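The sequence and model come before the discussion.

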Amino acid sequence: MKKFTLVPESFFDKEKTYQILSEAVRLEETDKVYYKELPEQKAVLVYAAEEENELPPVAELLRALSRIADHNKVVASVRDATISIVLAEGDRLLLANAYPAPDVVTAEYFLFATLRQFQLNPQITMVYFLGDTPRELLNDLFRHFKGVERL
């Protein structure tokens, strides 16, 4: 699972990127820490990677928010036994996180738990997926959500 955190622009200090990330996740001494400014979210993504251009999947999900016209925006991706989820209400970002999901049931659990945490009703919410998504997961979600689409 990728190590990352999202920091409001006003709190970001590029001289302290390692410290910022280490306060959010456990870092190894060998971890290289980078950052990417996300002006559309008024935030900075701070992440650990081998190379600077290896952004965590959540970066792509954050960019996808602008392509969704719905008021409640849910974008997810399942990759490398991890589900990454981004939630927004209107223009307000509520959540950008990743969870270990070695199977479909666990991925569903985290998706529903995040919606419940922010009191978003699945019956009136569309969920969008980026990338390859297990067919079983998509089929299960159709029963609970207003709709499920791939971006």
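Which residue in β5 does valine 74 stand opposite? Valine 74 stands opposite leucine 87.

## Basis of the model

The model is predicted: local features need pLDDT of at least 70, side-chain atom pairs count only at pLDDT 80 or more, and totals for chains, interfaces and linings use all residues. Residues are numbered from 1 along each chain as its sequence is written, and side-chain values use heavy atoms, with hydrogens and water left out.

## Overall fold

The protein chain has four helices and eight strands. Helices (H or I, at least four residues) and strands (E, at least two) are DSSP runs, numbered from the N terminus. Their order along the sequence is β-α-β-β-α-β-β-β-α-β-α-β. With a radius of gyration of 15 Å, close to the 15 Å that the globule rule gives for 151 residues, the chain is as compact as a globular protein of that length. That radius is taken over C-alpha atoms, and the rule is 2.2 Å times the number of residues to the power 0.38.

The C-alpha trace spans about 45 × 30 × 25 Å along its principal axes. Of the 151 residues, 48% are buried; buried means under 20% relative accessible area, exposed over 50%, and partly exposed in between (1.4 Å probe, protein chains only). Contact means heavy atoms within 4.5 Å. Among contacts between residues at least 6 apart in sequence, 42% join residues at least 24 apart.

Strand β4 covers residues 72–79, and seven of its eight residues are buried. Two strands pair if DSSP finds at least two bridges between them. β4 and β5 run antiparallel and are joined by eight bridges. The two strands form a hairpin with two residues between them, and aspartate 80 in the turn has a positive phi of about 50°.

The pairing of β4 with β7 is parallel and rests on three bridges. Here alanine 76 stands opposite phenylalanine 129 of β7.

## Nonpolar cores

A nonpolar core is a set of buried Ala, Val, Leu, Ile, Met, Phe, Trp, Tyr and Cys residues joined through side-chain atoms within 4.5 Å. The largest one has 24 residues, of which Ile83, Ile85, Leu87, Leu111, Phe129, Leu141 and Phe145 touch the most other members. At least two residues each come from β4, β5 (82–89), β6 (92–100), α3 (104–117), β7 (126–129) and α4 (135–142). The largest share, six residues, is supplied by α3.

Beyond its neighbours within four places in sequence, leucine 141 is in contact with Glu108, Leu111, Phe112, Phe129 and Val148. Apart from this core lies another, of 21 residues, including Phe4, Leu62, Ala64 and Val75.

Threonine 17 is in helix α1, which comprises residues 17–22. This threonine is buried, with a relative accessible area of 11%. Leaving aside neighbours within four places in sequence, the contacts of threonine 17 are Phe12, Val33, Tyr35 and Val46.

Helix α2 (residues 57–64) is mostly covered, with six of its eight residues buried. Those residues are Pro57, Val58, Ala59, Leu61, Leu62 and Ala64. They pack against β1 (4–8), β2 (33–38), β3 (43–48), β4, β5 and β6.
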